[in-house]
2 protein chains.
Amino acid sequence: LDGEFDLIARYFKHPAPSGMLGVGDDCALFSLESGRQVAASTDLLIEGRHFFPDVAPRALGHKALAVNVSDLAAMGAAPLGCLLGLSLPTVDHEWLQGFSKGFLGYARESGCPLLGGDTTRSPQGIVISVTVFGQVPQGAALRRDAARVDDDIWITGTLGAAHAALRWLSGEWPPDPRLLAATRGALEQPMPPLGFARGLPGIAHAALDISDGLAQDLGHILAASGCGAVLDYAALPADPALAGLPAQQVREAVLVGGDVYQLCFTAPARHRERIAALGRSADVRVTRVGRIAAAPGLRILDADGRAIAPPAGFDHFLSR
Amino acid sequence: LDGEFDLIARYFKHPAPSGMLGVGDDCALFSLESGRQVAASTDLLIEGRHFFPDVAPRALGHKALAVNVSDLAAMGAAPLGCLLGLSLPTVDHEWLQGFSKGFLGYARESGCPLLGGDTTRSPQGIVISVTVFGQVPQGAALRRDAARVDDDIWITGTLGAAHAALRWLSGEWPPDPRLLAATRGALEQPMPPLGFARGLPGIAHAALDISDGLAQDLGHILAASGCGAVLDYAALPADPALAGLPAQQVREAVLVGGDVYQLCFTAPARHRERIAALGRSADVRVTRVGRIAAAPGLRILDADGRAIAPPAGFDHFLSR
């Protein structure tokens with residue numbers, strides 16, 4: 001935060017919420033309600049890998065924070081604040097205005113104020129590092145290793161829109177400007193179901209956010225919890241924008257499409273009504289899509305009970 | 001933390017301390033003693049700007065964490081844990097072994113366990129993002145804006161060694177392999193006075209760590225606290241390795257040399273004995289070097305009371 005390049009202070013300074021110390025000292029400070037734990041997560045976003053160089057800076061600012069806040073949602077944690085590290089090849093004030101608007105706008109919307117950061121020049125390309133903190137009642141965090149046999153499997157929101165937009169933007173699918181327009185928002189400005197997630201501790205067992213595709217991410221829960229699962233393909237909530245696409249493209253988008261930033265969680269069957277009510281009160285679509293099983297492995301069944309093989313995995317790490 | 005590139009799990013996984021959740025879930029979790037605040041700080045380190053491409057990876061791992069832990073020391077906070085983001089152009093296992101050894105070694109030494117992270121590929125150059133958390137008694141953090149008129153100004157450790165090593169390594173000073181060997185450790189493996197710092201809340205008023213040079217960093221305290229200062233140049237603890245250098249080089253290294261990661265703090269005169277005792281018990285050299293004044297500005301006086309102009313500032317941001 002020193003020298004001629006103090007962009008955090010210039011573009012991101014704003015009064016810290018009461019009881020907190022924000023931008024400008026060696027550390028940010030925040031307090032907890034007693035009996036709570038701090039949850040923390042960090043992400044690096046690299047130009048050319050995680051975002052296109054020509055992405056709208058405002059959308060990028062939103063997304064850089066949203067993908068991290070999504071990790072708080074996946075623990076059932078309420079946001080406390082965030083730190084931003086920003087490394088830029090040149091000081092482009094127009095870019096910074098857009099980026100800070102998107103970042104601070106989502107910070108306000110999600111109740112996750114920016115409390116500090118670090119700026120530097122990078123010889124090549126933009127690097128964005130975001131760290132978020134949240135609080136969760138002691139012992140109530142939704143961990144990946146907490147799924148139990150016979151739990152229902154649930155998903156918030158819809159699947160596949162961000163993946164489809166990415167395919168169209170990268171030219172890997174035949175161009176379709178109308179459908180790109182209908183799905184691009186899901187890719188560029190994800191909205192994690194934060195309010196809904198804060199109601200899950202005490203109801204859900206395991207949870208995570210879908211960032212690398214449902215099949216792969218649910219696999220993390222199964223591996224950590226030592227169990228298997230059966231998914232009902234027909235129940236999966238494909239995004240309505242995908243309705244007219246060939247079945248194979250829909251299947252790919254729904255099962256292995258990443259960048260979803262919605263939740264996949266497990267919960268005992270006795271909580272079905274509470275979960276539906278929580279969805280209604282948070283205005284979040286929530287869909288029951290399968291069941292945790294004792295037998296290891298992930299089985300995906302079609303409407304006739306036949307097994308579906310998920311399309312070859314996409315390492316979003318390499319493809320974005 | 002997903003995909004084929006899960007280097008955090010491979011090189012950095014280790015059991016989390018009890019009561020904490022480490023690498024492998026959406027967030028890290030840690031708990032606080034009640035009546036404490038969380039302090040958090042983040043830094044981005046970029047290859048070619050903050051470190052030489054050929055720096056020993058083990059030293060780099062140490063330094064990447066130490067410069068952040070230094071920010072905790074500067075708040076008087078006790079480390080709770082850290083997160084690591086690592087972006088690499090290629091997967092070089094030898095480099096990763098060295099880097100993780102240095103990072104985890106200092107994590108152990110400083111009591112700042114690694115609790116999570118993020119790995120990705122970067123098209124060019126290594127990017128390291130470190131975030132640290134610490135705890136400090138509610139309201140006791142050592143802020144930059146807390147200096148008071150007539151406070152003593154203190155410095156831990158010595159000044160100038162890291163700057164001199166950087167000058168020799170970059171060829172800006174005539175080569176001196178013997179002195180480079182004597183100072184290189186200060187540049188590459190700084191040791192923030194963490195134990196000493198934890199004793200400062202309740203004794204010191206303002207504090208920060210010297211990362212951009214004493215003149216510039218003390219200036220931050222003066223600006224934030226709305227006061228001035230008088231420094232006694234002869235009292236400044238120049239590193240013994242600089243003893244034989246021309247006076248001008250020593251002056252530059254001591255007054256504007258960065259990368260020190262020692263503390264500059266202010267405290268009322270009545271605490272001189274307690275501070276000296278704290279230094280003895282923590283085995284940290286501590287030197288009284290000046291006084292906070294009501295008149296704004298930083299005045300540096302030589303042994304005869306004549307004003308010294310600090311050498312032209314170095315923006316370490318741009319020069320490293």
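Predicted model: local features only at pLDDT ≥ 70, side-chain atom pairs only at ≥ 80, totals over all residues.
Contact here means heavy atoms within 4.5 Å. Local features need pLDDT of at least 70, side-chain atom pairs count only at pLDDT 80 or more, and totals for chains, interfaces and linings use all residues. Residues are numbered from 1 along each chain as its sequence is written, chains are lettered from A and ligands numbered from 1 in the order in which they are written, and side-chain values use heavy atoms, without hydrogens and water.

D152(A) is buried, with a relative accessible area of 2%. The term buried stands for under 20% relative accessible area, exposed for over 50%, and partly exposed for the range in between (1.4 Å probe, protein chains only). The side chains of D152(A) and R272(A) are joined by a polar contact of 2.7 Å. Such a contact is a pair of N or O atoms within 3.5 Å; within protein, one must be able to donate a hydrogen and the other to accept it, and residues adjacent in sequence count only if both atoms are side-chain atoms.

D152(A) lies in strand β6 (residues 152–156) of chain A. Strands (E, at least two residues) and helices (H or I, at least four) are DSSP runs, numbered from the N terminus. β6(A) pairs with strand β10 (residues 286–293) of chain A in the antiparallel sense, over 5 bridges. Pairing requires at least two DSSP bridges between two strands. I153(A) has G290(A) as its bridge partner in β10(A).

The open sheet has 7 strands in the order β7-β9-β6-β10-β8-β11-β12 (chain A), and its pairing is mixed. β7 (207–209) and β12 (307–308) of chain A stand at the edges; each has a single partner strand, so one side of each lacks a neighbour in the sheet.

The interface is treated next. Chain A and chain B each give 65 residues to the contact. They bury about 4,900 Å² between them, 58% of it on carbon and sulfur atoms. Buried area is the accessible area (1.4 Å probe) that two parts lose on being put together, summed over both. Strand β2 (residues 36–46) of chain A gives the most to the side of chain A that touches chain B, with 9 residues. Between the chains, 10 residue pairs are in polar contact (both at pLDDT 80 or more). β2(A) pairs with strand β1 (residues 28–31) of chain B in the antiparallel sense over 4 bridges. Within β1(B), L29(B) stands opposite A39(A).
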